[in-house]
Amino acid sequence: MSRTYLLKTGAALAVLALGAAACGGSSGGSKTNNAKGVSAAYNAAITSVVNVSDKKGGTLNYVASSDFDSLDPARTYYAYSWNFQRIYQRTLLAFQPKVGKEGAQVTGDLAKNKGVFTDGGKTVTYEMRDGITFDDGSPITSADIKYALERSFAEDVINGGPGSTYLKPVLVGGDAYKGPYKDKAGLASIDVTDPKKIVFHLSKAFSDFDYLMALPISTPVPQAKDTGARYQFKPVSSGPYKIDTYQPNKLLKLVRNDKWNAASDPLRKALPDTIVVTEGLEPDDMDSRLLNGSADMEIEGTGVQPTAVSKILTNPESKKLADNPSTGFTRYITIQEKVPPFDNIHCRKAVQYAADKVSLQFSRGGPVAGGDFAGQMLVPTLPAYKQFDEYPSGPDHKGDLAKAKDELKQCGKPDGFSTKIATGNKGKGPKTAAALQQGLARVGIKADIVAVDAATYYTGFIGVPDNVHKRGLGLAIAGWGPDFPSEYGFFESIVDGRAIKAAGNSNYSEFNNPEVNSLIDQAQTTTDVAKRNDIWGQVDKKVMEGADYLPFVADKALVYRAARMSNVYINGAFGAYDLMNIGING
Amino acid sequence: MGRFIVRRSIGVVLLLIIVSMATFGIFFLAPKLVGTDPARLFAGRVADDATVKQVTKKLGLDQPIYIQYARYAKGIVAGRDFNNGPDKTHCKIPCLGYSFKNDQAVWALMLDRLPVTVSMAIGAAVLWLISGVSVGILSALKRGSIFDRAAMGVALAGVSLPVYFTGLLGLSIFSYNLKIFPNVHYVGFTTNPLSWASNLLIPWVCLAFLYSATYARLTRANMLETMGEDYIRTARAKGLPERTVIARHGFRAALTPIVTIFGLDLGGLLGGAVLTETVFGFPGIGKLAVDAIAQLDLPIILGVTLFAAFFIIVANLVVDVLYAYVDPRVRYT
């Protein structure tokens, strides 16, 4: 999964979450944050809210290297787009505006509370708040949310978002529904007979349904103002701001929405008068603007460039304005079990032991800009995470060559073998492939690098199993973060063998273990949190035992916040600064 | 002269048709050669085969190339309709395609970006023309002097230093450190002319530095050549003032190749100052092309290519017309 493509989730490590918890907090849904405010310090925003303030007014100046993937809530899939939309759009539920793991919990936004699950988890009911309105003052009803969700099914028009992928198999009749433009009758499994209530009828129990309702797909859309594919240019606002100017790839300006009813919104503070995003800047230019104070924040959350990393870390004044959170992504290499000789598990294990994780970490930018060593797929930000390393790569993390050679013998290839490493041709992929190539060469595994167009690397290259088989792509460079901060959101697409697709596949190694598939189903119907976490822990272990995945770092990024900003913290749902309640102190 | 312009204009149209066919062919074949499916790109990463097929049909990619080109060409002269869900979006004449990634007509996108590129190109062109030609003339007249050597040394640096170096250096000094032009970004002329100029100054100077170096060297060489001609000696022998000899006899003759290269340079820049716009983050035609390439937005890449070709071909036409005006030996034939 490309870094920008899916939601980057979960910033706080377990220890950080403990820190956040120690700071105390208020009950869910309060505009007061859960952590006491602190002054600027390095990594302060990971555990606390930096510069707590309710001061209103001023203009926030954000910068971005590219445009949002879409301002249409049904078409967006970039993590930072989802984070940004929280400023001016409301969803049925929302991730709490809180530090760390607490931020990864959902709470009522347009709905009063989380869903009420009945009928064995197959019916979910949400009750709407009073006084909720669009930016023209018209009331928001449950029908507006139903219509918004139905739009996601019109995949030939409303493309790009994840809505239909999740809703199709979950909602009764979802697999056959083609969206509101072709089917005016609508989806009967979303019942909005009562304008203050929305009832979902699921085809199977789905314990993560609340998470789906916290995604932008549940942003209400008034049918009368739906302009289809062009809706992204003028989406109707439901939050405290509305779009004043949008020039794609250039500028986005938000101004106050005077129809927003603050009493109906317990989550948003709405502090600045104006929010401006200047888009299309070069990454180094953005860093320079941040460091000289002419920009407040880079909203993509991908971190500063290498030049700025050294500038920040060596200057105490700059360093105290920086944070190094986990982004919730795992970087890994997939080992394709249908490409010989990897149909033999010992050949897969040989790769696991031979890889030099220090070089791989360096290829991602080192421990600060790259991430911490990873020995398992699950990210430390998710509750089920229990650290282990199935294939220890030696005390120095440079590989266990003796074990690698032993595995090669058991595989019947004592002198090594030849294979190919697939990678996108931009960003850090080629460096990672080279680091892997050098590591494997030490035990006689000769791997040729196949670098292809980065834009279609996932969709059209390693996401097509036939292509992987035909080209003999034994190894592939990949990364993954969950769409929503749950173990299901993390694992389902990449390890559930039943989710393997002929195209658009995300389970690149074609891992298909019936035991794991069954555990995934079991976890979805288990309501006891401890038991469920235990099941996900088993999934993590069994996936690693299969040796199809070679995780090497849990992603981190060095991000920078302007000194004048208030209410700055890393939200665990995004692994990035929460944009919802940032204001200006200075 | 009228007949000459009409005849050349017909040639321009024919050339543009050939360029459009070649470009369309390349962009039709290129994705297939590199194994990229535009429909899959549009449909998104998680789309299944059925959705991709739907999108392929919607984009008209299931049709043979000649039908796709015919539709494209028809769009340029008659406009086209594109389905956007609840209704249709009309792509007005000249419809140079429709970006499904941006859900906007390519022509509208380019028109939106054109003021940025024109602002950058015209301002820089004025600067480099004045500075380059002036320095070139002075260097030629003071051949071998310290000024000549220094000017040619600087010119050599100008030719050698790419704009992504001078641009970043300029930003580092004048924007990030001295903060004379903080937060450089494009401001429309009609929004605030002063801000427009102050934000464009560093890009203008960087571009002008690059181009004026070429012009200074070219002007110097041409002036040296023409000032050694017999007719210059004759002019001086007739007793004409030196200023008249230089301006009317020397410079005018040396101007011809400068007009040629100026037309091509300006035409090329109007088609998009790719590096400069990228370095400064100015949302012009060049940046539009760069972003489109990064996203494999083929309709935009195709549109910008045609747009750039148009400017270069038209610039050639204008140069040919100006030729005859500058050099009486050339006739409109």
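In which loop of chain A does A:H397 lie? A:H397 is placed in the loop between β16 (371–373) and α13 (401–411) of chain A, where helices (H or I, at least four residues) and strands (E, at least two) are DSSP runs numbered from the N terminus. The phi angle of A:H397 is near 65°, a positive value in a residue other than glycine. A:H397 is partly exposed, with 19 other C-beta atoms within 10 Å; a residue is termed buried if 20 or more other C-beta atoms, placed from the backbone, lie within 10 Å of its own, exposed if 12 or fewer, and partly exposed in between.

The structure is a predicted model, in which local features need pLDDT of at least 70 and side-chain atom pairs count only at pLDDT 80 or more, whereas totals for chains, interfaces and linings use all residues. Residues are numbered from 1 along each chain as its sequence is written, and chains are lettered from A and ligands numbered from 1 in the order in which they are written.

The pLDDT, which is the predictor's confidence in each residue on a scale from 0 to 100, averages 89 over chain A, and 93% of the residues score at least 70. Confidence in chain A is highest in strand β9 (residues 197–201), at a mean of 98, and lowest in helix α1 (residues 14–22), at 32. Over residues 1–30 of chain A the pLDDT stays under 50, and the model has 102 contacts beyond four places in sequence for this stretch; two residues are in contact if their C-beta atoms, placed from the backbone, lie within 7 Å. Where pLDDT is low, the predicted coordinates should not be read in detail.

The contact between the chains takes 38 residues from chain A and 40 residues from chain B. On the side of chain A that touches chain B, the elements giving two or more residues are α7 (283–291) and α15 (457–462). The residues of this side divide into 12 nonpolar, 16 polar and 10 charged, with Ala, Val, Leu, Ile, Met, Phe, Trp, Tyr, Cys and Pro counted as nonpolar, Asp, Glu, Lys and Arg as charged, and the others, Gly among them, as polar.

Chain B contains 13 helices and 4 strands, and its C-alpha trace spans about 85 × 55 × 40 Å along the principal axes. Of the 333 residues of chain B, 42% count as buried. Among the contacts in chain B with a separation of 6 or more, 65% come from residues 24 or more positions apart. A cis peptide bond, with omega about -10°, joins B:I93 and B:P94; B:P94 sits in the loop between β2 (88–91) and β3 (98–99) of chain B.

In chain A, strand β17 (residues 418–424) is largely enclosed by the rest of the structure, because 5 of its 7 residues are buried. Strand β17(A) runs parallel to strand β18 (residues 446–452) of chain A, to which 7 bridges join it; two strands pair if DSSP finds at least two bridges between them. Within this pair, A:K420 has A:D448 as its bridge partner.

Helix α3 (residues 79–88) of chain A is mostly covered, with 10 of its 10 residues buried. These buried residues pack against β4 (93–95), β10 (241–247), β11 (251–256), β12 (274–278) and β24 (576–577) of chain A. In the loop between β11 and β12 of chain A lies A:A270, which has a positive phi of about 50° although it is not a glycine. A:A270 is buried, with 20 other C-beta atoms within 10 Å.

An open antiparallel sheet of 4 strands in chain A has the order β6-β7-β9-β8. Strands β6 (116–118) and β8 (190–191) of chain A stand at the edges, each with a single partner strand, so one side of each is left without a neighbour in the sheet. Strand β8(A) is joined to β9(A) by 2 bridges, with A:I190 opposite A:F200.
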